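Please keep the sequence and the structure in view while reading.

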Amino acid sequence: MLLDGIGKRYRIGGPWVLRDVRLELRPGRVVRIHGHNGSGKSTLLRVVAGIAEPSKGRVSGRPSTGYVPERFPPALPFTAAQYLRHHARMRGISASQGTQLLERFGAEQFAGTAMKELSKGTSQKIAVTQALLGDPELLVFDEAWTGLDVAAREELAAVVRERARGGACVVFVDHDAARLADATDERWVVRDGALHTADEKTPATASRMVITIAGAAGSSLAAHLPEAEISARHEGGHRIVVDERRSDESLRRLLALGPEVHIVAVSQAPPQIRATEES
Ligand SMILES: Nc1ncnc2c1ncn2[C@@H]1O[C@H](COP(=O)(O)OP(=O)(O)OP(=O)(O)O)[C@@H](O)[C@H]1O
């Protein structure tokens with residue numbers, strides 16, 4: 001499947017959430033999408049899943065698709081089993097796969113429970129199960145692991161590996177940087193509406209940059225730099241430590257603060273400064 005020149009905004013004249021995105025999704029690939037909160041990851045996944053229409057550009061070669069949305073519709077007027085049977089019918093398959101998947105995720109005892117009475121984690125198991133029904137060639141997971149218990153999280157990772165080995169393409173967003181780290185073939189970052197290839201370094205060894213600032217930068221500086229990991233006063237100014245992949249963004253934000261903020265130096269941080277997580 002190819003997304004070509006994709007632009008997305010939610011209203012005419014509104015801001016572009018995605019601009020000129022090109023992404024080729026190939027069989028058997030596990031593709032991770034990174035990005036800050038609000039950068040447009042879910043928007044991109046909705047376009048990939050075919051739930052949202054792009055405002056610009058073309059999507060071609062769409063295969064059969066299963067999608068786990070970031071928020072599963074609550075309070076549906078079905079039991080879990082009825083809901084899964086309905087999806088199975090729409091995909092022209094027997095309902096037995098739904099039952100097997102529920103067993104695999106440890107949720108078979110909730111088949112007869114009304115969807116609106118399910119716990120958050122069990123609802124998520126149903127969301128994941130419906131996406132997997134019929135072995136779609138493309139799986140789109142927006143925080144699909146969130147809310148699952150440990151056993152189900154491991155089971156879902158195993159399913160992803162199996163499906164990818166079987167030729168499915170899996171595109172996912174997850175807050176846990178370690179999720180499927182060993183199985184991920186491609187990493188992309190949504191930044192400023194554009195899609196960038198991600199640095200291949202793992203977060204634990206990613207480089208840090210130190211930005212030294214002189215001038216009237218007050219204690220509120222950190223509020224302007226949400227991506228900064230450390231912000232400390234230093235000889236009449238500040239020192240900011242930031243993941244090198246976010247340093248351009250920090251520099252842009254600092255420049256936008258005006259002439260009283262003077263950037264004195266930008267340098268590599270010593271190796272003992274490590275990232276602990278990323279989004
Ligand atoms: N239905 C919508 N209508 C209008 N604006 C929207 C809609 N959905 C998302 N947006 C806006 O699009 C931008 C990107 O949102 P999106 O949910 O795609 O980001 P995200 O990277 O998935 O964020 P998060 O990590 O917080 O889930 C945000 O500015 C958001 O407010």
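1. The model is a predicted one, and its domain assignment gives domain 1 as residues 2-197 and domain 2 as residues 205-268. The C-alpha centres of domain 1 and domain 2 lie 36 Å apart, a value to keep in mind when the picture is turned on the screen.

2. As a general background to this point, nonpolar side chains in soluble globular proteins tend to be buried together. Here the largest nonpolar core has 53 residues, and those with the most contacts inside it are Leu 44, Leu 45, Val 48, Val 128, Val 140, Val 170 and Val 171. When neighbours within four places in sequence are left aside, Val 171 is in contact with Leu 25, Val 31, Ile 33, Leu 45, Val 48 and Val 140.

3. On which side of helix H2 do its buried residues lie? In H2, which spans residues 80-90, Ala 80, Tyr 83 and Leu 84 are buried. These residues cover an arc of only 95° around the axis, and therefore they sit on the same side of H2. The buried residues of H2 pack against helix H3 (96-104) and helix H4 (120-132), while just after H2 the residue Gly 92 takes a positive phi of about 70°.

4. The ligand deserves a separate look. Surrounding the ligand are Tyr 10, Val 17, Gly 35, Asn 37, Gly 38, Ser 39, Gly 40, Lys 41, Ser 42 and Thr 43. By class, the residues of this shell divide into 2 nonpolar, 7 polar and 1 charged.

5. Leu 180 counts as buried because 20 C-beta neighbours are found inside 10 Å. Asp 192 is likewise not a glycine and has a positive phi of about 50°; its place is in the loop between S8 and strand S9 (194-197). With 13 other C-beta atoms within 10 Å, Asp 192 is partly exposed.

Key: Residues are numbered from 1 along each chain as its sequence is written. This is a predicted model: local features need pLDDT of at least 70, side-chain atom pairs count only at pLDDT 80 or more; totals for chains, interfaces and linings use all residues. A residue is buried if 20 or more other C-beta atoms lie within 10 Å of its own, exposed if 12 or fewer, and partly exposed in between; C-beta atoms are placed from the backbone. Helices (H or I, at least four residues) and strands (E, at least two) are DSSP runs, numbered from the N terminus. A nonpolar core is a set of buried Ala, Val, Leu, Ile, Met, Phe, Trp, Tyr and Cys residues joined through C-beta atoms within 7 Å. Two residues are in contact if their C-beta atoms, placed from the backbone, lie within 7 Å. A residue is near a molecule or strand if its C-beta atom, placed from the backbone, lies within 6 Å of it. Ala, Val, Leu, Ile, Met, Phe, Trp, Tyr, Cys and Pro count as nonpolar, Asp, Glu, Lys and Arg as charged, and the others, Gly among them, as polar. Domain bounds come from an automatic or database domain assignment. The arc is that of the directions from the helix axis to the C-beta atoms.
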